[in-house]
Amino acid sequence: MDRVTTYNPRKVTCALGRHIASGFADDSFITIEPASDGTSYVIGADGEMARSVDPSRVYTLKLSLLQASVTNKYLQKMYDKDKKDGSGTFHINIHDILGKEKFVGSVAWVAKQASWSRGKTQNNREWELVVGEGYFK
């Protein structure tokens, strides 16, 4: 028998400090990408190759939310705090309970405010966060 797996977006949790994110957009709502180059290499004039491993564990996280999500207010508050006095950092914990995948970061902050628009129907807002010392468990 073939293996069957199940995904349920309701079983994905996202904790931003003590705030539990909610009101996710209806499509891709969490995107996590490494901010580093991973590995790179150089080749000398005689053809010898040397590799470098980037030790950075910094990630870019994009969070897409419905415009009415209360998480927009939380992220705006943290962005404003960071701009005012640098105190807008928080830890992050994202867990896909069914897929048993987890991403954590000891320090995160809002790098870029979400764009703001209004129209006939509700729009999505995409926030860009930076996560330091992030890793997948």
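Where in the fold does Trp109 lie? Trp109 lies in strand β8, with helices (H or I, at least four residues) and strands (E, at least two) taken as DSSP runs and numbered from the N terminus. This is a predicted model, so to speak of local features takes a pLDDT of at least 70 and side-chain atom pairs count only at pLDDT 80 or more, while totals for chains, interfaces and linings use all residues. Residues are numbered from 1 along each chain as its sequence is written, and side-chain values use heavy atoms, with hydrogens and water left out.

Trp109 comes out as partly exposed, at a relative accessible area of 29%; buried means under 20%, exposed over 50%, and partly exposed in between (1.4 Å probe, protein chains only). Leaving aside neighbours within four places in sequence, Trp109 is in contact with Asp82, Gly88, Thr89, Phe90, Glu128, Leu129 and Val130, contact being heavy atoms within 4.5 Å. Val70 sits 39 residues away along the chain from Trp109, and their C-alpha atoms are separated by 17 Å.

Stepping back to the whole chain, there are one helix and nine strands, running β-β-β-β-β-β-α-β-β-β from the N terminus on. The radius of gyration is 18 Å, against the value near 14 Å that a compact globule of 137 residues would have; this radius is taken over C-alpha atoms, and the globule rule is 2.2 Å times the number of residues to the power 0.38. The C-alpha trace spans about 65 × 55 × 30 Å along its principal axes. Of the 137 residues, 30% count as buried. Among contacts with a separation of 6 or more, 62% come from residues 24 or more positions apart.

Seven strands make up an open sheet, ordered β2-β1-β7-β8-β9-β6-β3, with antiparallel pairing; two strands pair if DSSP finds at least two bridges between them. β2 (19-20) and β3 (30-34) are the edges, and each has a single partner strand, so one side of each is left without a neighbour in the sheet. Two bridges join β1 to β2, and Ala15 stands opposite Ile20 in β2.

Next comes the packing. The largest nonpolar core has 24 residues, and those with the most contacts inside it are Leu16, Leu63, Leu75, Phe90, Ile92 and Leu129. Such a core is a set of buried Ala, Val, Leu, Ile, Met, Phe, Trp, Tyr and Cys residues joined through side-chain atoms within 4.5 Å. At least two residues each are supplied by β1 (12-16), β6 (59-66), α1 (70-85), β7 (90-96), β8 (101-112) and β9 (124-136). Not counting residues up to four places away in sequence, Leu63 touches Cys14, Leu16, Phe24, Phe29, Ile30, Leu75, Arg125, Glu126 and Trp127.

Five aromatic pairs turn up in a search of the whole structure. Rings of Phe, Tyr and Trp (its six-membered ring) pair if their centres lie within 6.5 Å; planes under 30 degrees apart count as stacked, over 60 as edge-to-face and the rest as tilted. Tyr59 and Phe103 are edge-to-face, 5.1 Å centre to centre with 75 degrees between the planes. This pair links distant parts of the chain, Tyr59 in β6 and Phe103 in β8, 44 residues apart. Both Tyr59 and Phe103 are buried. Tyr74 and Phe90 are also edge-to-face, at 5.9 Å and 65 degrees.
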